[in-house]
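Please look at one helix and at the ligand beside which it ends, taking the helix before the ligand.

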Amino acid sequence: MKVNGRRWRTIWLADDGFSVAFIDQTRLPHAFVTARARSLSEAADAIREMRVRGAPLIGAMAAYGLSLALREDASDSALDCAVATLAATRPTAVNLRWALDDVAGLVRQLPPARRAEAAYRRAGEICDDDVATCEAIGEHGLALIRDAAHHKGPDESVNVLTHCNAGWLAAVDWGTALAPVYKAFEAGIRVHIWVDETRPRNQGSALTAWELGRHGVPHTVIVDNAGGHLMQQSRVDLCMTGTDRTSAAGDVCNKIGTYLKALAAFDNDVPFYVALPSTTIDWTIRDGLAEIPIEERDPAEVTATVGRAPGGEILPVTITPDGTPAANYAFDVTPARLISALITERGVCAASAEGLGALFPERRAALSQHPS
Ligand code: MRU
């Protein structure tokens with residue numbers, strides 16, 4: 001996607017040929033700054049501190065993190081240690097684990113002297129594949145937005161509600177939930193996006209609003225609790241979110257608050273779509289509620305927030321009484337029964353084992369090991 005007329009990806013190999021450049025998302029929306037990871041620990045810190053974030057993007061950074069580690073030490077023990085370090089950074093999004101397994105599985109078969117180069121090559125492919133996958137998600141989701149547009153008058157927009165940031169900043173390019181929106185915008189369909197602010201880290205108001213604004217897509221930021229009211233007023237045509245881990249039966253684990261939006265959508269007959277690359281599906285689990293670990297982050301993210309003061313200074317401010325206990329659950333699980341459809345790179349399907357099995361027949365064996 002474009003920033004000030006120039007095309008960007010969120011992550012790329014720097015021109016020194018080894019360090020990993022990325023857009024530092026902790027500086028947005030007030031500053032557009034790029035940074036570099038030059039070692040395993042810098043890559044792990046970038047994921048942990050959410051300088052890079054979003055399920056597909058942390059998978060890409062994890063792949064490059066392994067490459068950086070192998071450049072320093074390509075032994076089996078260093079590889080195991082790097083996998084463990086990166087896997088521990090964020091527990092919920094399964095793309096991270098997928099990318100680590102993919103790269104580690106590949107290089108383990110090679111002699112140590114060839115491992116770093118092979119890991120860099122594979123990390124680059126993972127990035128390119130993610131771009132192609134997300135663009136395909138965009139094409140499949142476009143059909144759903146086009147359908148909604150047919151029920152609109154010529155001057156009316158299709159109103160899409162989204163939660164968190166599942167746009168191009170959360171992937172390598174295009175994004176997941178926002179890829180269909182960008183495709184619709186390119187196709188000349190009038191769209192307007194309701195952007196949930198997404199406390200506590202404000203991925204909606206800081207990141208989604210920034211990327212939609214840079215691309216010229218009409219949008220309005222709303223507080224997290226406004227979506228239900230808007231749905232009751234028929235001001236939301238469809239909801240579209242991403243997911244950090246999807247069970248083999250179609251349960252979706254996404255940013256905290258997604259479940260409440262799905263409940264409101266269900267009550268108001270508003271279609272609730274979830275867009276995902278198949279790398280987000282955890283084929284080993286069926287019951288998302290029981291089996292997906294929910295990341296708990298620092299309570300300080302709840303008791304404080306960061307913003308720009310009138311003088312331009314970026315300041316953290318405390319918003320609770322001193323000493324107030326807080327809990328910071330980062331994700332929740334939306335059961336498949338509340339989801340109208342899943343949008344994948346292979347097409348749109350029901351949120352169910354049958355639906356996923358029809359699109360991914362090569363996974364039917366894995367699905368049958370987890371009967372309902
Ligand atoms: O904690 P984050 O900001 O990494 O969470 C990201 C989300 O929940 C996104 O909606 C998700 O990764 C899906 S999208 C690409």
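Helix α7 is largely enclosed by the rest of the structure, because 10 of its 13 residues are buried, where buried means under 20% relative accessible area, computed with a 1.4 Å probe and protein chains only. Among these buried residues are Gln203, Ala209, Trp210 and His215, and what covers them includes the strands β1 (2-3), β6 (158-162), β7 (191-196), β8 (219-222) and β11 (252-255) as well as helix α6 (179-186), counting as contact any heavy atoms within 4.5 Å. Helices (H or I, at least four residues) and strands (E, at least two) are DSSP runs numbered from the N terminus. This is a predicted model, in which local features need pLDDT of at least 70 and side-chain atom pairs count only at pLDDT 80 or more, whereas totals for chains, interfaces and linings use all residues. Residues are numbered from 1 along each chain as its sequence is written, and side-chain values use heavy atoms, with hydrogens and water left out.

The 13 residues of α7 (residues 203-215) should span 18 Å at 1.5 Å a residue, and this agrees with the 17 Å between the end C-alpha atoms, the expected span being 1.5 Å times one less than the number of residues. A kink of about 25° is centred on Ala209, the bend being the angle between axes fitted to the seven residues ending there and the seven starting there. After α7 comes Gly216, with a positive phi near 85°.

A polar side-chain atom of Gln203 lies 2.8 Å from an oxygen atom of the ligand, and an N or O atom in the side chain of Lys255 is 2.7 Å from a ligand oxygen.

How values were computed: Buried < 20%, exposed > 50% of the residue type's maximum accessible area, 1.4 Å probe, protein only. Polar contact = N/O pair within 3.5 Å; in protein donor to acceptor, adjacent residues only side chain to side chain.
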